[in-house]
Each structure stands twice: as structure tokens, then as C-alpha cells.
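Morning, everyone. Please have a look at the structure on the screen.

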Amino acid sequence: SFRGARPAPSTMILDRLRARAKTRPKPSAGIVLERGQGSWLLGSALLTLAPHASWLPAWITILCATLLSWRGFLLWRGKQAPPHLLLLLLTVAAAAGVRAEFGHFFGKDPGVALLALLLGLKLLEVRSARDVRATVMLCFFLQLAIFFEDQSLPIATLALCATLLALVSLVTLTDPHGRYGEHVRTAATLMAQGVPFMLVLFVLF
């Protein structure tokens, strides 16, 4: 190896985030989602769900919009998530509604509908860093699922924007007190590094 070789950009980014994380106080298990962090997460969920509205049943679209609005209201007021029992009842009711709408839980359409509702419910439930990561993963799954219905360039652009916001949400989780501009640049760099891999998958599959 060459002594003067510079480390890879991804290694530099991870090292910088680890160094900042060591100097910041660790968040507690139960958190009130900060307005900045929650705004990125809410924006990612909104952009993720928006293109699905054309194919989801109307009641699911309305319920998802209601859940996102509820989360936005709690974020604006700085309030905690709703009680666990209420969220459990909403989850059971949503699953029953999907079963009644499609007749089963298996297949593309009921699966995407259930994921959309779970995203809204999980976003409403966020109390810890683990909840944030789970919400981001649901966003990623739904961003992939939209290509089952539409593979046009506008949809791909919207999915990329939603992916960027989801990555910013993860970066803010690691460095909650950093500047928003730095968060966006870090997320954009991480996403750009995945473009070659994405192109290889596009060509081969």
C-alpha cells in the first residue's frame, strides 16, 4: 500500500460521524422527536407515500395522510407519541381494513397497502433511535415498491429525493446538533457512492 494514499470518502465520512457522536451526549431510550429531525423524517415519509396515492384505495390514502398530519401536529407542538394501547388498536384496525379490502394479506397490492399504513403508524410511534431507523427502512421498502406500478423518470426522481431525505434523517440521528447543510452534503455523498452499484443492477437485471 502507498503511505501517502488518502482514505476513501466513505471512510472519512464514517470517521467524522463517529468522532462527533463520541463528543455528543447519547440520546435516551425515550425521546421527544426534535423538530429538525422530525421534519426530515416526515418529509421522507410524505415523498415516499405520495406516488402510491394513485394506486392505493382511497381510505388508505386518507388514513395515511391523517397519520402524517397527526405526526406533524405532535412535532409542531413538541408532544410525545400517543399511548401504546391506542397505537396497537389503530394497527389492528388497519390490518383488519386491509384484510377486508383485499381478502388476504399476501401479494403485491395488500402488501404495499399494509406497508404504507405501517409507515404512518411507525412514524407516529417514534420514541427512540431504533424507531427512527425502522421508519427509514419502511420508507426504503416503499420507495422500491412504487416501481411495481410506475417506472417513469418523474417517479424515479421522486424516489431519489425521498431516499435523500431518509438518509439525512439517519445522519441527523448520528449528529443531531450538526448543521443541516452538512447533513445534506453527507447524505448526498453517501447516495452518490451508491449510484455505480445501482447502475450495475439496472444493467444486469
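One term to begin with. A crossing counts as right-handed if the near helix is turned clockwise from the far one by less than a right angle, and as left-handed if anticlockwise. Keep in mind that this is a predicted model.

Two packed helices are described by the angle between their axes and the distance between the axes. Start with helix α4, residues 84–102, and helix α5, residues 108–125. They pack at an angle of about 165°. Their axes are 10 Å apart. Angles over 145 degrees count as roughly antiparallel, so α4 is roughly antiparallel to α5. The crossing of α4 past α5 is right-handed.

Which residues make the contact? On α4, they are H84, L87, L90, T91, A94, A95, V98 and F102. On α5, they are D109, P110, A113, L114, L117, L118, L121, L124 and E125. By class, this contact of α4 with α5 has 13 nonpolar, 2 polar and 2 charged residues.

Now the next pair. Helix α6 covers residues 129–145. The axes of α5 and α6 come within 9 Å. They cross at roughly 155°. That makes α5 roughly antiparallel to α6. Left-handed or right-handed? The crossing of α5 and α6 is left-handed.

From α5, the contact uses V112, L115, A116, L118, L119, K122, L123 and E125. They meet D131, A134, T135, L138, C139, F141, L142 and A145 in α6. The contact of α5 with α6 divides into 12 nonpolar, 1 polar and 3 charged residues.

Look at L118 and E125 in α5. Both are in the contact with α4, and both are in the contact with α6.

Note on methods. Residues numbered from 1 in each chain as written. Predicted model: local features only at pLDDT ≥ 70, side-chain atom pairs only at ≥ 80, totals over all residues. Heavy atoms only, no water. Axes fitted to C-alpha atoms, helices over the stretch in contact; angles between N-to-C directions. Helix = DSSP H or I, 4+ residues; strand = E, 2+ residues; numbered from the N terminus. Parallel < 35°, antiparallel > 145°, perpendicular 65-115°, else oblique. Contact = heavy atoms within 4.5 Å. Nonpolar A, V, L, I, M, F, W, Y, C, P; charged D, E, K, R; others polar.
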